[in-house]
Amino acid sequence: MNFSSKLLENAVAEFAKLPGVGQKTALRLVLHLLNQDKEEVERFGSAVTKLRNEILYCSVCNNISDHVVCEICSSNKRDQATICIVEDTRDVMAIENTNQFTGVYHVLGGLISPMDGVGPADLDIDSLVARVASGGTKEVIFALSATMEGDTTIFYLNKRLKDFNISISTIARGIAFGGELEYVDEITLGRSIATRVPYENSLSR
Ligand SMILES: [Zn+2]
């Protein structure tokens, strides 16, 4: 692309770094911003900068939060003894949207993937084990995608958690999942949490 302005070129280059945004889309977005009021663009820029600078990760569950301990972990309406283990914050949002789960979460921040060089130490697994080891947990529920990475992660976590006196269950898998939890419709996801099965039983099927 030949740009008439270096400023334009730089802005387009930054937008084009975003996932799923090509040069053409980036140019369209930048030109759109140019047509907005300066205040509007100011708000846009500051929302992005503030997000990056001020966001916190809950010290208990590792979910994205505005507070040191997130609203779910600090709520007395939530069953703190039941921990649902998910890959990232999108899964928390998807499960919260079902209104079917009253426990708490633990966000791993990814899945074990030897192919991509992601090992257990790259994820928030030690903090989960420490959380369970500190007592008070009755059940952990694996709500990870039905992919090779999801399976590997569950297998590893089960090994780390099975000697604690807790039940370990997994949401019904193998239903039309499409891999990613966030794409499952709310009714299916809600039902699969309600009808979760002990992890050991899920292996024999
Ligand atoms: Zn939390």
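Helices (H or I, at least four residues) and strands (E, at least two) are taken here as DSSP runs, numbered from the N terminus. The structure is a predicted model, in which local features need pLDDT of at least 70, side-chain atom pairs count only at pLDDT 80 or more, and totals for chains, interfaces and linings use all residues. Residues are numbered from 1 along each chain as its sequence is written.

The protein is divided into domain 1 (6-54) and domain 2 (75-203), with bounds that come from an automatic or database domain assignment. The centres of domain 1 and domain 2, taken over C-alpha atoms, are separated by 35 Å.

Residues 58-73 carry the UniProt annotation "zinc finger region: C4-type", which comes from an unreviewed entry. UniProt positions are given in the numbering used here, feature names are shortened, and annotations may be inferred rather than shown by experiment. In the model, the span 58-73 is 0% helix and 12% strand, and its end C-alpha atoms lie 8 Å apart.

Most residues other than glycine have a negative phi. Asn62 has a positive phi, near 75 degrees, and is placed in the loop between strand S1 (56-57) and strand S2 (64-65). A positive phi is also found at Asn99, near 55 degrees; this residue lies in the loop between helix H4 (89-98) and strand S4 (103-107). Burial was assigned by counting other C-beta atoms, placed from the backbone, within 10 Å of a residue's own: 20 or more for buried, 12 or fewer for exposed, and partly exposed in between. Asn62 is buried because 23 other C-beta atoms lie within 10 Å, whereas Asn99 counts as exposed because it has 9 C-beta neighbours inside 10 Å.

A nonpolar core is a set of buried Ala, Val, Leu, Ile, Met, Phe, Trp, Tyr and Cys residues joined through C-beta atoms within 7 Å. The largest such core has 34 residues, and those with the most contacts inside it are Cys61, Cys84, Ile85, Val86, Tyr105, Phe142 and Ala143. Two or more residues are given to this core by each of strand S3 (79-86), H4, S4, strand S5 (139-142) and H6. The largest share, four residues, comes from S3.

Leu161 is found in helix H6 (residues 148-161) and is buried, since 21 other C-beta atoms lie within 10 Å. Leaving aside neighbours within four places in sequence, Leu161 is in contact (C-beta atoms, placed from the backbone, within 7 Å) with Val129, Val132, Val140, Ile166 and Ile168. Leu161 and Val129 are 32 residues apart along the chain, and their C-alpha atoms are separated by 6.8 Å.

Definitions and conventions:
Contact = placed C-beta atoms within 7 Å.
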